[in-house]
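The exercises below work through one protein model, each with a task and a stepwise solution. Please keep the sequence and the coordinates open while you read.

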Amino acid sequence: MMTRRLVQLFTGLALYGFSLAVFIRAGLGLDPWDVFHQGLSLKSGWSLGLVVIVVSFLVLLLWIPLRQMPGFGTLCNAILVGVFADIGLALIPDVHHLGGQIAMLAGAVLANAVASACYIGARFGPGARDGLMTGLARRTGWSVRQCRTLIEVVVLAAGWLLGGAVGAGTVVYALAIGPLVQLLMPFFAVPEPAKAPAPAADPESEPAAAATPAG
């Protein structure tokens, strides 16, 4: 079971990074966090992958007041998604034909959903950004949906102001990613280990135990 979990974890993170590269090469808009990452990359001159890594660790600092604890998968996520995003950008060319862009966008959304299901299903801890959302919900009493909306509106606006790409892909991602991950999760969810049943009481010892005075 551990082997399967590790394979899913690293496959999911690699695929997530590559899907981000495909989103960018499609040129039709990114999800809110990646609009922010791209905007920072454009302003700083850093590679997109490096920005993803730096932002991930800055977000993890926000976990401290929320009393969140990162898992093994959280730390792997913070590093490897950015690494594989840069590898993908080095390998995947830009596409300027609309048909090709639409195909790449659809492929990126599907790959991102598979990657998310792999990563979540492996049960090694939330990513930095998801942990911020759930931690904020727990500390404030707001719903997870409210916290996610607030965070994503803020990073989307900041990314757009920095020059990140907002477009049809942003809307497609927002509408499609949740249902797709939910559909795929049963195929990738690693079951919790079964708990050992409590030992059955010895029938012959019960009368003696009942006859023993308490205290």
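**Exercise 1. Salt bridges**

How many salt bridges does the count come to? Locate each pair and describe the surroundings of its two partners.

Solution. The model is predicted, so local features need pLDDT of at least 70 and side-chain atom pairs count only at pLDDT 80 or more, while totals for chains, interfaces and linings use all residues. Residues are numbered from 1 along each chain as its sequence is written, and side-chain values use heavy atoms, with hydrogens and water left out.

Step 1. Side chains of opposite charge can pair when their charged atoms come close. The criterion used here is a side-chain nitrogen of Lys or Arg within 4 Å of a carboxyl oxygen of Asp or Glu, and by this rule the count comes to 3 salt bridges.

Step 2. Arg-25 pairs with Asp-94, with 3.4 Å between the closest N and O atoms. Since Arg-25 belongs to helix 1 and Asp-94 to the loop between helix 4 and helix 5, this pair ties together parts that are 69 residues apart in sequence. Helices are DSSP runs (H or I, at least four residues), numbered from the N terminus. For burial, the classes are buried (under 20% relative accessible area), exposed (over 50%) and partly exposed in between, with a 1.4 Å probe and protein chains only. Arg-25 counts as buried because its relative accessibility is 18%, whereas Asp-94, with a relative accessible area of 46%, is partly exposed.

Step 3. Arg-123 forms a salt bridge with Glu-192, the closest N and O atoms again being listed at 3.4 Å. This pair links distant parts of the chain, with Arg-123 in the loop between helix 5 and helix 6 (128–140) and Glu-192 in the loop between helix 8 and helix 9 (206–211), 69 residues apart. Arg-123 is partly exposed at 27% relative accessibility, and Glu-192 is exposed at 58%.

Step 4. Glu-152 and Arg-148 meet through their side chains at 3.1 Å, N to O. Both residues lie in helix 7 (residues 144–162), 4 residues apart, which is about one turn of the helix. Glu-152 is partly exposed with a relative accessible area of 22%, and Arg-148 is partly exposed at 38%.

**Exercise 2. Nonpolar cores**

Which residues touch the most other members of the largest nonpolar core? Identify the elements that contribute to this core.

Solution. Step 1. A nonpolar core is a set of buried Ala, Val, Leu, Ile, Met, Phe, Trp, Tyr and Cys residues joined through side-chain atoms within 4.5 Å. In the largest such core, which has 32 residues, Leu-9, Leu-13, Leu-20, Phe-23, Ile-24, Leu-48 and Leu-105 touch the most other members.

Step 2. Two or more residues of this core come from each of helix 1 (2–26), helix 3 (48–66), helix 4 (72–91), helix 5 (98–122) and helix 8 (168–188). Apart from this core lies another, of 17 residues, including Leu-60, Leu-66, Leu-136 and Ala-137.

Step 3. With contact taken as heavy atoms within 4.5 Å, and leaving aside neighbours within four places in sequence, Leu-48 is in contact with Leu-20, Ile-24, His-37, Gln-38, Ser-41, Asp-86 and Leu-89.

**Exercise 3. A residue of helix 3**

Is Ser-56 buried or exposed? Name the residues that it touches.

Solution. Step 1. Ser-56 lies in helix 3, and its relative accessible area of 1% makes Ser-56 buried.

Step 2. Not counting residues up to four places away in sequence, Ser-56 touches Ala-78, Ala-128 and Arg-129.

**Exercise 4. The nonpolar patch**

Which residues make the nonpolar surface patch of about 490 Å²?

Solution. Step 1. Patch residues have over 30% relative accessible area and no salt bridge, and like charges are joined within 9 Å, nonpolar side chains (Val, Leu, Ile, Met, Phe, Trp, Tyr) within 5 Å. The patch is made by Phe-57, Leu-75, Ile-79, Val-83, Ile-87 and Leu-91.

Step 2. Helix 4 gives the largest share of the patch, 5 residues. Ile-87 has its place in helix 4 and is partly exposed, with a relative accessible area of 35%.

Methods: Accessible areas come from the Shrake-Rupley method with a 1.4 Å probe; for residues, only the protein chains shown count as cover.
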